[in-house]
Amino acid sequence: MKKALVPGTFDPITNGHLDVIARAASIFDEVVVAVALSAKKNTLFPLEQRVELVQEAVKDLPNVTAIGFDGLLTDFAFEQNAHCVVKGLRAITDFEYEFQMAAMNWQLHRSVETFFIMSPPEYMYLSSSIVRELASMNGRFEKFVPENVVPALKAAYAK
Ligand code: COA
């Protein structure tokens, strides 16, 4: 039984994330979307809501669940008995950061392997912060996020 973690802040989950999660779910038996507290990021949505938004967005993928975590990813992977971490690779700029994270995680726990899935061209330049910026300025962001995220973003910026 191969279990993988797909980690991120997911503030909020986008269609780019969903693409990575769905592709991971077609390869691994079980996928846990690991939603990081990411206290340094000063997120728009609290952890509990980010987890709920992911759970709703992945409800049609039977082998996927979402769980929040705080602390080191490798410790959480160990706790979850997951030996694989799957990350999306978008434009070339992701490479250096992802390379550093994968190398550090490898130093921390050799049993945790990192796999990369290339983003398709339509999601190459998508990010949660771009979506938040669009939403905050009444731009058309709807096609970049799962349906359930649309009202959450509208409500967040209506305040
Ligand atoms: N589609 C769309 N957007 C994507 C994407 C994809 N396939 N892949 C990444 N992104 C975006 C994210 O939305 C995020 O956008 P934002 O900065 O505009 O919000 C950005 O790219 C960075 O994403 P990611 O690399 O996944 O970072 P993250 O901040 O979301 O999550 C963790 C990083 C949680 C995996 C990492 O910080 C972590 O492991 N934290 C735990 C502590 C730890 O173990 N640290 C490492 C050891 S020192």
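How many aromatic pairs does the structure hold? The structure holds three; rings of Phe, Tyr and Trp (its six-membered ring) pair if their centres lie within 6.5 Å. The close-ups below show one of these pairs and several other sites. This is a predicted model, where local features need pLDDT of at least 70, side-chain atom pairs count only at pLDDT 80 or more, and totals for chains, interfaces and linings use all residues. Residues are numbered from 1 along each chain as its sequence is written, and side-chain values use heavy atoms, with hydrogens and water left out.

**Figure 1. The whole protein chain, for orientation.** The protein chain has six helices and five strands. Helices (H or I, at least four residues) and strands (E, at least two) are DSSP runs, numbered from the N terminus. Along the sequence their order is β-α-β-α-β-α-β-α-β-α-α. The radius of gyration is 15 Å, close to the 15 Å that the globule rule gives for 159 residues, so the protein chain is as compact as a globular protein of that length. That radius is taken over C-alpha atoms, and the globule rule is 2.2 Å times the number of residues to the power 0.38. Along the principal axes, the C-alpha atoms fill a box of roughly 45 × 30 × 30 Å. Of the 159 residues, 47% are buried. Buried means under 20% relative accessible area, exposed over 50%, and partly exposed in between (1.4 Å probe, protein chains only).

**Figure 2. Phe28 and Phe115, an aromatic pair.** The ring centres of Phe28 and Phe115 are 5.8 Å apart and their planes stand at 80°, so the pair is edge-to-face. Planes under 30 degrees apart count as stacked, over 60 as edge-to-face and the rest as tilted. The pair links distant parts of the chain, 87 residues apart. Phe28 sits in the loop between helix 1 (15–27) and strand 2 (30–36), and Phe115 in strand 5 (residues 113–118). Phe28 is buried, at 10% relative accessible area. Phe115 is partly exposed, at 37%.

Figure 3. Val58 lies in the loop between helix 2 (47–57) and strand 3 (64–69). Is Val58 buried or exposed? With a relative accessible area of 3%, Val58 is buried. Leaving aside neighbours within four places in sequence, Val58 is in contact with Leu18, Ile21 and Val64. Contact means heavy atoms within 4.5 Å. Val33 is 25 residues from Val58 along the chain, and their C-alpha atoms are separated by 9.4 Å.

Figure 4. Most residues other than glycine have a negative phi, and most peptide bonds are trans. Phe10 belongs to this loop. Its phi is near 55°, a positive value in a residue other than glycine. Phe10 is buried, at 3% relative accessibility. Pro12 is found in the loop between strand 1 (3–8) and helix 1. A cis peptide bond joins Asp11 and Pro12, with omega about 0°.

**Figure 5. Ser38, in the loop between strand 2 and helix 2.** What is the phi of Ser38? The phi of Ser38 is near 45°, a positive value in a residue other than glycine. Ser38 is partly exposed, with a relative accessible area of 23%.
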